[in-house]
Amino acid sequence: MEIQSQRQITHPKGLYVLFFVEMWERFSFYGMRALLVLFLTKELLMQDAQAGRIYGFYNGFVYLTPILGGLLADRFLGYKRSIFLGGTLMMFGHLSLAFNGLWTFYLGLGLLIAGNGFFKPCISTVVGRIYELEGKPELKDSGFTIFYFGINLGAILGTWACANLAEYKGWHYGFGIAAVGMLIGLIIFGFLGRRVNPDAFLANGNRSLSDSEVEDPAKDRERIFAILVFSAVTITFWASYEQIGSSLSLIIDRYVDRNILGWEIPAANYQSLNPLFVVSLALFVSWVWKKFEEAGRHISTVTKFCLGLIVLGLGYLLLSLVTFGSTEKFSSIWIILSILLLTIGELFLSPVGLSLVTKLAPVKVASMMMGFWFLANFFAHVLAGELTRYMGGRESLSGFFLIFFFLPTITAIGLFSFRKKLESWMHGVK
């Protein structure tokens, strides 16, 4: 079924192929990640702070390597080979985690980090490029929100599959099914990748620029500055948001009443709430952005970012209020409502940011600039891991949650104050 605007403008057919490839890659990524902190603390018997630090550095390096991977794709490999290489490395990384042994565990993390460096910036760049090649740039924000739907559909399936296999069969079954998910993604890419516009896979350094892509060095420099500012802003967003996989995972395991109708829900299953909400809301948010555009009422990227930061902060403010002055376990409903707010904030910021980079980045370094966008996630995840140490016990949770209310809220105020200069650097890109 094609997704259409009222003006009968359809999304490129290649979007749907990339949608399913990314869906299965995210199945493996988020499924494994839902287990990581719990595996470190329960199986490897690490302290919370050490587990949080490993979680933070792993996720950080996952978003550091896309700079190098993006550069190699732009200059030499092209995007098709980079995506396939990255997916293959990640599949073997998950397989490595499925075996017993500390060295195979760290080898697996290393392969996942390296593979993501090739895969992540390239597939996002290709999504943006097919809209330019097919003359549909006005649908790019909407298209990336649909792509984001696929990311989170994979995350739902992955977290439930990996969490339940780990809970009832053993940790390494959970890691093993993540490898199967990545294999399915590779098979889809191998057989259906030809349906994507082939020019979208060409390395930028190896193709001629069209007239519309001829570069203006001064404008390109300022647009790169704009990408760097938006990227820096996301550090506080993701450092707060990524508590879902570290401190919140431990808090849910220890301090939340997870008993529903006599069944105690595994703590890792709560990781599926965020992608479930994304899947429920992403197409609606995409439709809203498109309706505003059709009505001639454009909502600026800066405004979307500020809204995302503020709504995220409200999610943590809710948890701070709920846990204030109490030492009892608290209801799952508050975790569910908080993650709903975090998800709305994510939908206002993350897919819009991916779209923005493909609009602003100079053609010759498009994938490398996507790597710089992900570099912010490196710093964010490292910061998220370090902030986990302030969690403390049940009595200190209220103050701990306030950290993640103030960080994004103050950032939103600063970004809004800087909006005029930032929009001038964007040179008309919306």
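User: What is the relative accessible area of Arg389, and does that make Arg389 buried, partly exposed or exposed?
Analyst: This is a predicted model, in which local features need pLDDT of at least 70 and side-chain atom pairs count only at pLDDT 80 or more, while totals for chains, interfaces and linings use all residues. Residues are numbered from 1 along each chain as its sequence is written, and side-chain values use heavy atoms, with hydrogens and water left out. Buried means under 20% relative accessible area, exposed means over 50%, and partly exposed lies in between (1.4 Å probe, protein chains only). Arg389 therefore counts as partly exposed, because its relative accessible area is 47%.

User: How far apart are the closest N and O atoms of the salt bridge between Arg389 and Glu386?
Analyst: A salt bridge is a side-chain nitrogen of Lys or Arg within 4 Å of a carboxyl oxygen of Asp or Glu. Glu386 is partly exposed, because its relative accessible area is 24%. In the salt bridge of Glu386 with Arg389, the distance between the closest N and O atoms is 2.5 Å.

User: How many residues apart are Lys120 and Glu22, which form a salt bridge?
Analyst: In this salt bridge the closest N and O atoms of Lys120 and Glu22 are 3.2 Å apart. The pair links distant parts of the chain, with Lys120 in helix H5 (residues 102–133) and Glu22 in helix H1, at a separation in residues of 98.

User: Are Lys120 and Glu22 buried or exposed, and what is the relative accessibility of Glu22?
Analyst: Lys120 counts as buried, because its relative accessibility is 7%. Glu22 counts as buried too, because its relative accessibility is 0%.

User: Which helix holds Asp253, the salt-bridge partner of Lys42?
Analyst: Asp253 and Lys42 form a salt bridge in which the closest N and O atoms are 3.6 Å apart. Here too distant parts of the chain are linked, since the two residues are 211 residues apart, with Lys42 in helix H1 and Asp253 (residues 247–255 form its helix) in helix H9.

User: What is the angle between the planes of Phe19 and Phe20, which form an aromatic pair?
Analyst: Rings of Phe, Tyr and Trp (its six-membered ring) pair if their centres lie within 6.5 Å, and planes under 30 degrees apart count as stacked, over 60 as edge-to-face and the rest as tilted. By this rule the count comes to 27 aromatic pairs. The rings of Phe19 and Phe20 lie 5.0 Å apart, centre to centre, and are edge-to-face, with an angle between the planes of 75°.

User: At what distance from the ring centre of Phe416 does Arg419 lie?
Analyst: A charge sits over a ring if NZ of Lys or CZ of Arg is within 6 Å of the ring centre and within 35 degrees of the ring normal. Arg26 lies in this way over the face of Phe29, at 4.0 Å from the ring centre. Arg419 lies over the face of Phe416, and its distance from the ring centre is 3.9 Å.

User: Which residue has its side chain joined to that of Asn274 by a polar contact?
Analyst: A polar contact is a pair of N or O atoms within 3.5 Å; within protein, one must be able to donate a hydrogen and the other to accept it, and residues adjacent in sequence count only if both atoms are side-chain atoms. Asn274 is buried, because its relative accessible area is 7%. A polar contact of 2.9 Å joins its side chain to that of Glu346.

User: What is the phi of Leu45?
Analyst: Leu45 is placed in the loop between helix H1 (14–43) and helix H2 (48–62). Leu45 is exposed, because its relative accessible area is 65%. Although Leu45 is not a glycine, it has a positive phi of about 60°.

Note on methods. Helices (H or I, at least four residues) and strands (E, at least two) are DSSP runs, numbered from the N terminus.
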